[in-house]
Amino acid sequence: MEMTALQIIHRHIRRFLAVVAVTHFGGLSMAAQHTLQLTRAGQPEASIVIAPEASRVARFAALELRNHVAEISGVELPIVDDRDDAVGTPILVGDSSATHALGLANDDFESQEYLIRFTPDTIVLMGRDKVKPGVPTMDFIADTGAARTWPSVWDEQGTLYAVYDFLRDYCGVRWFNPTDTGTVCPSVQTLEVTGDEVRRKPFMWYRGGLAATHLAERIQWGGGLWRQGTPQGEKYMEMGYPRIYGAHESANVRNQLVRAQNRLFMLRHKAGGEMAPCNHSFYDYYQRFWDRSDPNFESYHPEYFAKGYEGEEPPQMCYTDEGFIHQLVSDIRDYFDHGGYQKRLRGIGSPGYKWGKNYFALEPMDNPAFCKCENCRSQYELDRPRAEQHSTYWFRFVNRIAREIEESHPDKKITTLAYMTHEGLPRDVKLEDNVIVYFCISANRMPYSPALDRQMELLKKWHENEDVAMSLWLYNTFPLEIANNGKFYAFPGFFAHALDKQFKTFEDYGINGIFHCGFNGEVANYLCYRFMDTPDADVDKLLDDYFSTFYGPAGNAIRNFYALVEQRYCDAECYPRQGDKAYSGHQNVRIAWDYLGTPDVMAKLREYMAEARAAAVTPEQKARVALWDQGVYQYMKAGHESYRERMSAPIPEVTATRVPSANGDPEKVEWNEAAVFVDKMYDRGSETPVPFKVDGRVCHDGEYLYIELVDHCDPEKLTVSPQISCYDDWEIMFARQRAQPFRQYLVGPTALKKGISYCEDNWRQGVSAEEYTDPAFGLKAASDTSGTAWILRLAFPLDQMLDKPVKPGDTIYGNLIRVRGPALNKPFGPKFGIESWVSYMTVKEVDRAGAITLAE
């Protein structure tokens, strides 16, 4: 996105003020520089001074300082609680009588603010801290409960921030990743530091999300790029955390301690800040007011829920229902008055201040199936783009709640998302001052895609047109999340320079809070943390430091490896075109290894990897290169090789027999004359048959293509969704070739059905059949769940089933996907099962589609 002249001026003004006021990273100084020694010739020349009644944060900070200095110099600085007992230079850590004598006290600092001060004879490291006693224990490997003595990432911990900046910027310490070799300390006997004064706070006040809550420590969980639980991922974990794996045999203890070690990494990067996550917030209402069998049920209030979904669990609330609004306002006030949620409920509502002490989240369920009552429907704007059709409706509701809370709790805030069909600006609605909007950039890790440009334009409109506090929700788990769900190997989503560009925009817009929907990739993790703290940091200097400091003489080869992958992943020219437009969708297995990870690219990466192995000198450098090899290169190598196997695997072919006319009624077909074409299904993205019995037949009568599918499951355990997906359903893909355009048909256990087209109309993706004909392109469905199996019979009109009519004698291409809900799939694997007629296939893929020839 191009910056305006005014934005450029504003950025330079901010940077100038930051240099004058903060004097960080060795910049211009308004005060005299002072040089002090911490150690000399292997002897201590300084003491760490804390108060006798020092807080847990200050004591933890003192231990971190002492341990890192010892790692650098081999010298342990003494920790004393009286300045008079200090040997050499006193380093004042946290609030104490010694800092009071200098006119510095804990209460003088703003939230998250901290200070590094050099005087001729003293160093001060302090900031705003949570005043809570405690004696932290650092040896978490020997004492498995040690991490419980550490500060939370959500505690005020300005002193800890000061210590970490001091260690990084003045002592040369780097924390590149959380593994055993992820910390780099210089090695000197005499440690001398020079500085003046830094007083600042992190740029972003909220640095959270799934990488800083109860999943706080699952950075790189599973091992580099490998899926958690794979042998290759486990090997990475053993290589990355040998101290833990060598000390403990229990998998549970290992997991607990890996999380502790990863949490330490996060503390060192100032993760957390003020707790204010935002997420879908009404799932507990089903327990309380819908499901009479739930132990948390209070009373039955169907009026609270979306209308128009009779006979099913409604997918949403009715956001105009006065009873629901009254209940919600009462719940929010109770949350603020009595310590957050009082009991554990389904989904988001865990006990305590889930949304933070000063915030409450409002966000509908994760679907666009809103209420069909007249009060709600009259506010939908279906003439607007899909991302804006429910914006006015939703933000009117948010405002209604925000006004009520403003009256009773004027110091509290309401958070909400700009997401899915309420991503755009509302019309004629000025949001209340106590509302914070988290704009969801689902394409933030898709720099090749026009979808990112569209979202950044919407974000710009929010910035320019709505006077409201803005934060973000970012999706850094892509493309791995897509690959893991589809069970294929992704081409890694390295995007350092695109990430830098985004953070510069966030800084220009004054956005200072981020909810990360997970983290993925050690370089991106590192840069995200650095940019949340200092978004105007130079990305190339950070990368130079990362690769040269971490890998030593092997750094050049690893950086070249990274740069090639980054270029391939981010460059739109490396992706297939969609007509005259750039590719806009998520990565799939064909894009990963036909377009991005080509044989030439993989050969070059193999060369870089060999150079890195040969160049590493020290044991630490060799271990780091080995981790990159195992966590990145071996993953990519496996992906490339498995794709070649995938494309050489057999693809089924079947002839649809011609039967007497059934006039489009699937119940009147002579099924005994139909061709058998399904006798087993494969686990998504693999050649592994699933342990479920499924039969399928296919035929046609010259007017309709008929398919019968029999799943020998317990129909009582089928889960019905009013949106059909993503619970129990069949999803059928048809195309005239093994490429886009294609059509997807979804049918659920109640015969609810819909059709979706891909790439038919101006290369648009995911277009509902309603824009062409009816919701399912004329598909007729009959479903029987009364017996011991789910029997589904389908009739596809040959003149409508694809974008051009199909005739007897034609060959079309297709695949059948059975999405198996949690109740049926639980004994056999993940929450949801995805099974394919064609091996190595998953949803929305047609490049290996089976051939179906209609008999003359």
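Guide: Welcome! A residue counts as buried when its relative accessible area is under 20%, and as exposed when that area is over 50%, with partly exposed in between. Keep in mind that this is a predicted model.

Visitor: Thanks! Is E381 buried or exposed?

Guide: E381 is buried, because its relative accessible area is 12%, and the cut-off for buried is under 20%.

Visitor: And which residue forms a salt bridge with E381?

Guide: Here is the general idea. Side chains of opposite charge can pair when their charged atoms come close. In this structure E381 pairs with R427, and their closest N and O atoms are 3.7 Å apart. This pair links distant parts of the chain: E381 sits in the loop between α10 (374-377) and α11 (391-408), while R427 sits in the loop between β15 (413-418) and β16 (435-441), 46 residues apart. R427 counts as partly exposed, with 39% relative accessibility.

Visitor: How many salt bridges are there?

Guide: The count comes to 48 salt bridges. Let us visit another one. R820 forms a salt bridge with D711, where the closest N and O atoms are 3.1 Å apart. Here, too, distant parts of the chain are linked: R820 belongs to strand β30 (residues 811-820) and D711 to strand β23 (residues 704-711), 109 residues apart.

Visitor: Are R820 and D711 buried or exposed?

Guide: R820 is buried, with a relative accessible area of 1%. D711 is buried as well, with a relative accessible area of 1%.

Visitor: Where do R168 and D165 lie in the chain?

Guide: R168 and D165 lie in helix α4 (residues 158-169); they are three residues apart, so about one helical turn separates them. R168 counts as buried at 9% relative accessibility, and D165 is buried with a relative accessible area of 0%.

Visitor: Now for the surface. Which residues gather in a patch of negative charge there?

Guide: E53, D81, D82, D84 and D85 gather in that surface patch. Look at D84, which lies in the loop between β4 (79-80) and β5 (89-93). D84 has a relative accessible area of 71%, and the cut-off for exposed is over 50%, so D84 is exposed.

Terms used: Residues are numbered from 1 along each chain as its sequence is written. This is a predicted model: local features need pLDDT of at least 70, side-chain atom pairs count only at pLDDT 80 or more; totals for chains, interfaces and linings use all residues. Side-chain values use heavy atoms; hydrogens and water are left out. Patches are made of residues with over 30% relative accessible area and no salt bridge: like charges are joined within 9 Å, nonpolar side chains (Val, Leu, Ile, Met, Phe, Trp, Tyr) within 5 Å. Accessible areas come from the Shrake-Rupley method with a 1.4 Å probe; for residues, only the protein chains shown count as cover. A salt bridge is a side-chain nitrogen of Lys or Arg within 4 Å of a carboxyl oxygen of Asp or Glu. Lys and Arg count as positive and Asp and Glu as negative; His and the chain ends are not counted. The place of a charge is taken as NZ of Lys, CZ of Arg, CG of Asp or CD of Glu. Helices (H or I, at least four residues) and strands (E, at least two) are DSSP runs, numbered from the N terminus. Buried means under 20% relative accessible area, exposed over 50%, partly exposed in between (1.4 Å probe, protein chains only).
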